[in-house]
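This briefing goes through one protein model by topic, from the metal site to the cores, the pocket and the backbone. Please keep the sequence and the coordinates at hand while reading.

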Amino acid sequence: MSDFYKSLLKNNKKWVQSKLDLDPQYFKKLANGQQPPLLWIGCADSRVPANEIIGAQPGEVFVHRNIANMIVHSDMNMLSVLDYAVSVLKVKHVIVCGHYGCGGVKAAMGNQSIGVIDNWIRHIKDVYRLHKKQLDSIEDEEKRFDTFVELNVKEQVFDLAKTSIVQTAWKNNQELTLHGWAYGVGSGIVNDLKVNISNDQQLEEVYQLNF
Ligand code: CO
């Protein structure tokens, strides 16, 4: 077995001990249940670890990650996470956190096929088509890439708001705000994209659901 693999289990033992040194009841308390105030939807990229970036402890953030932090409304995995977080845990905030240098977003800008993942990336290409005029007008490729990352996050925040899950919560006067962030893997800094949605009136009329 490789040294790397062995080190994982060793690290776990060390981590458990470090927590118990501070509080012998640490894990017993966590075992009692969770009530996180936040759902994080981020990219699967190894450089964007949800808890670490925001200094959150176990129990403080419910996490869903996929390639390029997408809200695909037929994705049963995402819908189940969202429904549990909003309807059962009653989180007050959902953050969609994209990141600069995202490989998924980069792939969506190009034409190279990379296999099955092309079909996932296609959802990001739809965002490009929606904002083609603005994106095509940016000559510098890095800047265009950065802007595409930001626009993709904003679209995903709106796609969250369009779900029956989020609109049902708002209809029930549940306090729930959706946010969009872009994280700098080369700086560690979060750029708050200032897209904060807390009611269905911020959606185009055709997406507003009556219950
Ligand atoms: Co990414």
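Predicted model: local features only at pLDDT ≥ 70, side-chain atom pairs only at ≥ 80, totals over all residues.

Asn152 counts as buried, because its relative accessibility is 1%, and this residue belongs to helix α8.

**Surroundings of Asn152**

- When neighbours within four places in sequence are left aside, Asn152 is in contact with Ala68, Asn69 and Met70, and also with Val105, Ile124 and Val127.

**Overall architecture**

- The protein holds nine helices and five strands, and read from the N terminus these elements follow the order α-α-β-α-β-α-β-α-α-α-α-α-β-β.
- The C-alpha trace spans about 55 × 45 × 30 Å along its principal axes, and of the 211 residues in the protein, 40% are buried.
- Taking the contacts between residues at least 6 apart in sequence, 63% of them join residues that are at least 24 apart.

**The cobalt site**

- Three residues coordinate the cobalt ion, namely Cys43 through SG, His99 through NE2 and Cys102 through SG, at distances of 2.0 to 2.3 Å.
- Along the chain, the donors of the cobalt ion are spaced as C-x55-H-x2-C, and since Cys43 lies in strand β1 (residues 38-43) while His99 lies in strand β3 (residues 93-99), the pair ties together parts that are 56 residues apart in sequence.
- Are Cys43 and His99 buried or exposed? Cys43 is buried, because its relative accessible area is 5%, below the 20% limit used for that class, and His99 likewise counts as buried, with a relative accessibility of 1%.

**Nonpolar cores**

- The largest nonpolar core has 46 residues, of which Leu39, Leu176 and Leu178 touch the most other members.
- In general terms, nonpolar side chains tend to be buried together in soluble globular proteins.

- Leu39 lies in strand β1 and counts as buried, because its relative accessibility is 0%.
- Residues up to four places away in sequence not being counted, Leu39 touches Phe62, Val63, His64, Val81, Leu82, Ala85, Val91, His93, Val94 and Ile95.
- The C-alpha atom of Leu39 is separated by 14 Å from that of Ala161, a residue 122 places away along the chain.
- Leu176, again without residues up to four places away in sequence, touches Val86, Val91, Lys92, His93, Val94, Val166, Ala169, Trp170, Ile197 and Ser198.

**Helix α9 and what covers it**

- The buried residues in α9 include Ile165, Val166, Gln167, Ala169 and Trp170, and among the elements that cover the buried residues of this helix are α4, α8 and β4.

**The largest pocket**

- The space in the largest pocket comes to about 680 Å³, and of the 25 residues that line this pocket, Leu130, Glu155, Asp159, Lys162 and Tyr207 are the closest to its centre.
- Sorted by class, the lining is made up of ten nonpolar, eight polar and seven charged residues.

**Backbone angles in two loops**

- Most residues other than glycine have a negative phi, which gives the background for the next two points.
- Lys90, although it is not a glycine, has a positive phi of about 55 degrees; this residue is found in the loop between α4 and β3, and Lys90 is partly exposed, with a relative accessible area of 44%.
- Asn173, also not a glycine, has a positive phi of about 60 degrees; this residue follows α9, lies in the loop between α9 and β4, and is exposed, with a relative accessible area of 72%.

Terms used:
Residues numbered from 1 in each chain as written. Heavy atoms only, no water. Donors = N, O, S within 2.8 Å, 3.2 Å for Na, K, Ca; no water. Helix = DSSP H or I, 4+ residues; strand = E, 2+ residues; numbered from the N terminus. Buried < 20%, exposed > 50% of the residue type's maximum accessible area, 1.4 Å probe, protein only. Core = buried A, V, L, I, M, F, W, Y, C linked by side-chain atoms within 4.5 Å. Contact = heavy atoms within 4.5 Å. 1 Å grid on protein atoms, 1.4 Å probe; cavity = no way out; pocket = protein on both sides within 12 Å on 5 of 7 lines; lining within 4 Å. Points joined across faces, edges and corners; volume = space filled by probe spheres on them. Nonpolar A, V, L, I, M, F, W, Y, C, P; charged D, E, K, R; others polar.
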